[in-house]
Amino acid sequence: MSIAQLGNSYAFPHPTHALVEPNGLLAFGGDLCAERLRVAYHEGIFPWFSPDELPLW
């Protein structure tokens, strides 16, 4: 299974698609704008990020 790359849409894959290894990785990319975070948090998805890397979800 491949990891989804987020684009301009705020849609996320369903959390059941998260990988077992690395634990819980669902997608990468996108931004950390308020609307994307609101959608993600509502679905139980949280970002992991470093300032110099793409966000991992």
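How many helices and strands are there in the protein? There are 1 helix and 2 strands in this predicted model. The legends below take the overall fold and then its parts.

**Figure 1. Overall view of the predicted model.** From the N terminus on, the order of elements is β-β-α. The radius of gyration of the protein is 10 Å, which agrees with the value near 10 Å that a compact globule of 57 residues would have. Taken along the principal axes, the box filled by the C-alpha atoms is roughly 30 × 25 × 15 Å. Of the 57 residues, 25% are buried. The accessible surface is about 3900 Å², and carbon and sulfur atoms hold 58% of that surface. Among contacts with a separation of 6 or more, 48% are between residues 24 or more positions apart.

**Figure 2. Confidence of the prediction.** The mean pLDDT of the protein is 94, with 98% of residues at 70 or more. Helix 1 has the highest confidence, at a mean of 98, and strand 1 has the lowest, at 96.

**Figure 3. The largest nonpolar core.** Nine residues form this core: Leu6, Phe12, Leu26, Ala27, Leu37, Val39, Ala40, Ile45 and Trp57. The element that gives the most to the core is helix 1 (residues 34-42), with 3 residues.

Figure 4. Which residues of helix 1 are buried? They are Arg36, Leu37, Val39 and Ala40. Seen down the helix axis, these buried residues fall within an arc of 165°, so they line one face of helix 1. Strand 1 (4-6) is included in what covers them. On the face turned away from the buried side, helix 1 carries the exposed residues Ala34 and His42.

**Figure 5. Two backbone details.** Glycine 44 follows helix 1 and has a positive phi, near 80°. The second detail is the peptide bond between glutamate 21 and proline 22, which is cis, with omega about -5°. Proline 22 is placed in the loop between strand 1 and strand 2. For comparison, most residues other than glycine have a negative phi, and most peptide bonds are trans.

Figure 6. Alanine 11 lies in the loop between strand 1 and strand 2 (27-29). Is alanine 11 buried or exposed? Alanine 11 counts as exposed because its relative accessibility is 51%, and the cut-off for exposed is over 50%. Asparagine 23 is 12 residues from alanine 11 along the chain, and their C-alpha atoms are separated by 21 Å. Histidine 17 is also found in the loop between strand 1 and strand 2. With a relative accessible area of 38%, histidine 17 is partly exposed.

**Figure 7. Isoleucine 3, before strand 1.** Isoleucine 3 is found in the segment that comes before strand 1. The relative accessibility of isoleucine 3 is 25%, and therefore this residue counts as partly exposed. What is isoleucine 3 in contact with, leaving aside neighbours within four places in sequence? The contacts of isoleucine 3 are Leu19, Leu25, Leu26, Ala27 and Phe28. Glutamate 43 is 40 residues from isoleucine 3 in sequence, and the C-alpha atoms of the two residues are 17 Å apart in space.

Key: Residues are numbered from 1 along each chain as its sequence is written. This is a predicted model: local features need pLDDT of at least 70, side-chain atom pairs count only at pLDDT 80 or more; totals for chains, interfaces and linings use all residues. Side-chain values use heavy atoms; hydrogens and water are left out. A nonpolar core is a set of buried Ala, Val, Leu, Ile, Met, Phe, Trp, Tyr and Cys residues joined through side-chain atoms within 4.5 Å. Buried means under 20% relative accessible area, exposed over 50%, partly exposed in between (1.4 Å probe, protein chains only). Helices (H or I, at least four residues) and strands (E, at least two) are DSSP runs, numbered from the N terminus. The radius of gyration is taken over C-alpha atoms; the globule rule is 2.2 Å times the number of residues to the power 0.38. Contact means heavy atoms within 4.5 Å. Accessible areas come from the Shrake-Rupley method with a 1.4 Å probe; for residues, only the protein chains shown count as cover. The arc is that of the directions from the helix axis to the C-beta atoms. pLDDT is the predictor's confidence in each residue, from 0 to 100.
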